[in-house]
Amino acid sequence: AWAPDTAEAATARPTMQELVQEPLLPNGVGLMAVVNQDPAKPGTQVIDLRVSASDVRFEPRGDKWVAAFDVAISVPCKGVSLKTYSPQLAAEQLTVVMANGMDLRESLDTGSASGVMRISLLDKLSGASGSVALPFTGAK
């Protein structure tokens, strides 16, 4: 049977930089996304991202359920935008997002650039990760 060589290897977690540079898209956390140009702001992309909340670790803290994860958006010629999310949900809210997913929205100025952006998520509590690649068209 296969097993990691060391205890350290068994608990190793990727860094966000490793995720963004990885040629294969990890899929431990389910992600679904769509990108559209913002009609009010030429050159700005609006990214709607749905995260499979059941793939993210939530821990009880008092009367809330808390998660912590980073989302990186990598755009060719524009670099990487990184944001940390720390949702704190009541039990009723957690039930809803576990069933339906957790929706996030970001805006990103891409100017006239076009190409494929990559969105990566890294769960800070479990080390699980996921990525999705999206084609986009810049302002003309």
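**Stop 1: Pro 60 and Trp 65**

Select Pro 60 and Trp 65. Pro 60 stands opposite Trp 65, which belongs to strand E4. This is a predicted model, so treat what you see as a prediction.

Now show E3 and E4 as cartoon. E4 covers residues 64-66, and three bridges pair it with E3 in the antiparallel sense. The three strands form an open sheet in the order E3-E4-E7, with antiparallel pairing. Which strands stand at the edges? They are E3 (59-61) and E7 (88-89). Each has a single partner strand, so one side of each has no neighbour in the sheet.

**Stop 2: the whole chain**

Zoom out and colour by secondary structure. The chain has three helices and ten strands. Follow the elements from the N terminus: α-α-β-β-β-β-β-β-β-α-β-β-β.

Of the 140 residues, 40% are buried. Now think about contacts between residues at least 6 apart in sequence. Among these, 65% join residues at least 24 apart.

**Stop 3: the hairpin of E1 and E2**

Select E1 and E2. They run antiparallel and are joined by seven bridges. Pick Val 34 and look across: Asp 48 in E2 stands opposite. Next, go to the turn. Six residues lie between the strands of this hairpin, and Gly 43 takes a positive phi near 90°.

Move on to Thr 44, which is found in E2 (residues 44-51). Is Thr 44 buried or exposed? Its relative accessibility is 11%, so Thr 44 counts as buried; the cut-off for buried is under 20%. Show what surrounds Thr 44. Leaving out residues up to four places away in sequence, Thr 44 touches Asn 36, Gln 37, Asp 38, Ser 107, Leu 108 and Asp 109.

**Stop 4: two rings**

Select Phe 69 and Tyr 85, and show their side chains. How many aromatic pairs does the structure hold? It holds one. Phe 69 and Tyr 85 form this pair, and the pair is stacked. The rings are 5.5 Å apart, centre to centre, with 20° between the planes.

Phe 69 lies in E5 (residues 69-75) and Tyr 85 in E6 (residues 79-85), so the pair ties together parts 16 residues apart in sequence. Check the cover on each ring. Phe 69 has 0% relative accessibility and counts as buried. Tyr 85, at 13%, also counts as buried.

**Stop 5: the nonpolar core**

In soluble globular proteins, nonpolar side chains tend to be buried together. Look for that here. Select Val 51, Phe 58, Phe 69, Val 71, Ile 73, Met 117 and Ile 119. The largest nonpolar core has 27 residues, and these seven touch the most other members.

Colour the elements that give two or more residues to this core: E1 (31-37), E2, E5, helix H3 (91-100), E8 (102-109), E9 (115-123) and E10 (129-136). Which element gives the most? E5 does, with four residues.

**Stop 6: Ile 73**

Finish on one core member, Ile 73. Hide its neighbours within four places in sequence and show the remaining contacts. Ile 73 is in contact with Ile 47, Gly 79, Val 80, Ser 81, Glu 106, Leu 108, Met 117, Arg 118 and Ile 119.

Conventions:
Residues numbered from 1 in each chain as written. Predicted model: local features only at pLDDT ≥ 70, side-chain atom pairs only at ≥ 80, totals over all residues. Heavy atoms only, no water. Pairing = 2+ DSSP bridges. Buried < 20%, exposed > 50% of the residue type's maximum accessible area, 1.4 Å probe, protein only. Contact = heavy atoms within 4.5 Å. Phe/Tyr/Trp six-rings, centres within 6.5 Å; stacked < 30°, edge-to-face > 60°. Core = buried A, V, L, I, M, F, W, Y, C linked by side-chain atoms within 4.5 Å.
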